[in-house]
2 protein chains.
Amino acid sequence: MPKTNPPAPPHRDRRAELLSLAAGLFAERGYKNTTVRDIADAAGILSGSLYHHFDSKETMADEILRTFLDDLFRDYRAIVERESDPRRAFEQLVHASFRAIDRNHSAIALYQNEAKQLRQSPRFAYLDETDREFRDIWLGTLEKGIASGAFRADLDAMMAYRFVRDTVWVAVRWYVPGGKLTAEAVSAQYLSMILEGFQSRE
Amino acid sequence: MPKTNPPAPPHRDRRAELLSLAAGLFAERGYKNTTVRDIADAAGILSGSLYHHFDSKETMADEILRTFLDDLFRDYRAIVERESDPRRAFEQLVHASFRAIDRNHSAIALYQNEAKQLRQSPRFAYLDETDREFRDIWLGTLEKGIASGAFRADLDAMMAYRFVRDTVWVAVRWYVPGGKLTAEAVSAQYLSMILEGFQSRE
DNA sequence: CCGTACCAAGCAAACGATTGGTAGGGTAGG
DNA sequence: CCTACCCTACCAATCGTTTGCTTGGTACGG
């Protein structure tokens, strides 16, 4: 054999594995309700041994959130930069969000449930900035759509933003990755409800 | 004066006051993050003194949730029994929900954030039944509306239920009772978005 | 091919702080 | 004198975290 393995840091895998376990527990039981012993049990080690990989429980939550947010904003930014038509941009934002829910389910559940409390610690102050960019992207797309005539002129952009943000992202509570409903299917149906409404056309 | 007070149990007031304080803290910081000392501090007493009124922290959460749920279902049941037209029933359900968010803000925040964890304790098993009736009321109204032609025939009732449930109830995260936006105003705008959609009609 | 050195990984045991909860006594108002 | 209410003082359990140490493996010099 010419070569065996790339010189990958050997402990990166274990870190990621532990983070994945922790994210699942945080999402399921809540951050405060999950003890470091729970995480260690799930990993088959003792609680103290976790501190060989992370210097605190907070660090784990931090790393989980950052990884997910990086992922999401990479997608979001690409969409608004690439797509000039606000209606198509809106559709792709919804789609990207459901894809994120599918891929980073635990991290998003953690974010949805605990961000409000975590944000109060200075360590997680970056979440404020994250929220601002998040809002700018959605709100900007909606405002452009209203101005261009794609969306109703009497729409309150801010209210519409909150409306769609809550509907889409809280779906993490019931959506099951790998279940019968694919993220694409849910995304398509949600888009239809948001854009066309419940009312039947005569 | 012919009469002073109804023969109300004299400690009912203090109980209610303490519960209101506890609900506010539970809603703001989360159930697990709020200590009995926090609640006692807010009331100006010591933590041990709380146990003169309640036999546990769990009891407080229990009582807060039950009071709110009784309130809500009284309204919900009255609507579906009184109103036979599904479209009008739907509108009134949305309206009643926002009115509840306005009146029982803390209790609803507590329910939204902690129900999933609390439900796992047998003490809060009744939340499962509550959810069932809640779903039956909304889903039944939506299905009747689809059958009657008031709502789009191609609507997936279950998906529409989740959609509207999440949008409406998660508004508790940003809605501020007594703020600039009244519950009626938000309710009207949300109804317009749900029924007519974002898309502009040509 | 061996011996040495080093390292990631985990164990065993304990730490101080905080948690929900308890026991018993004091006091003010009806 | 009784009762609602609160206080003082404390407890056991659990929490996140630290410490000193052991293990298996890997790289390297001679």
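Which residues does Ala22(B) touch, not counting residues up to four places away in sequence? I started there, in a predicted model. I found Ile39(B), Met60(B) and Ile64(B).

**Entry 1: the core**

I then looked up the largest nonpolar core, which has 96 residues. Ala22(B), Ile64(B) and Leu110(B) are among those that touch the most other members.

**Entry 2: chain A**

I counted the elements of chain A and got 8 helices and 0 strands. I checked the extent next. The C-alpha trace of chain A spans about 65 × 50 × 35 Å along its principal axes. Chain A has 202 residues, and 32% of them count as buried. I also looked at contacts in chain A with a separation of 6 or more. Of these, 62% join residues 24 or more positions apart.

**Entry 3: helix α8 of chain B**

I tested the length of α8(B), residues 183-196. Its 14 residues should span 20 Å at 1.5 Å a residue, and the end C-alpha atoms are 20 Å apart, so the two agree.

Which residues of α8(B) are buried? I listed Val186(B), Ser187(B), Tyr190(B), Met193(B) and Ile194(B). Looking down the helix axis, I saw these buried residues fall within an arc of 130°, so they line one face of α8(B). An α-helix has 3.6 residues a turn, so residues three or four places apart point the same way.

I asked what covers the buried residues of α8(B). The cover includes α4 (86-103) and α7 (157-169) of chain B, and also α7 of chain A. Just after the helix, Gly197(B) takes a positive phi of about 80°.

**Entry 4: where the chains meet**

I looked up the contact between the chains. Chain A gives 32 residues and chain B gives 32 residues. On the chain A side, α5 (105-118), α7 (157-169) and α8 (183-196) each supply at least two residues. That side of chain A holds 15 nonpolar, 10 polar and 7 charged residues. I compared the two sides: 100% of the interface residues of chain A are also interface residues in chain B, so the copies meet through the same surface.

**Entry 5: the axis**

How is chain A laid on chain B? I used a turn of 180° and a shift of 0.0 Å along the axis, with an RMSD of 0.1 Å. This is the relation of a two-fold axis. In chain A, Gly197(A) has the C-alpha nearest the axis, 1.9 Å from it.

Terms used. Residues numbered from 1 in each chain as written. Chains lettered and ligands numbered in written order. Predicted model: local features only at pLDDT ≥ 70, side-chain atom pairs only at ≥ 80, totals over all residues. Contact = placed C-beta atoms within 7 Å. Helix = DSSP H or I, 4+ residues; strand = E, 2+ residues; numbered from the N terminus. Nonpolar A, V, L, I, M, F, W, Y, C, P; charged D, E, K, R; others polar. Buried ≥ 20, exposed ≤ 12 C-beta atoms within 10 Å, placed from the backbone. Core = buried A, V, L, I, M, F, W, Y, C linked by C-beta atoms within 7 Å. Expected span 1.5 Å × (residues − 1). Arc of directions from axis to C-beta. Least-squares fit on C-alpha atoms with pLDDT ≥ 70 in both.
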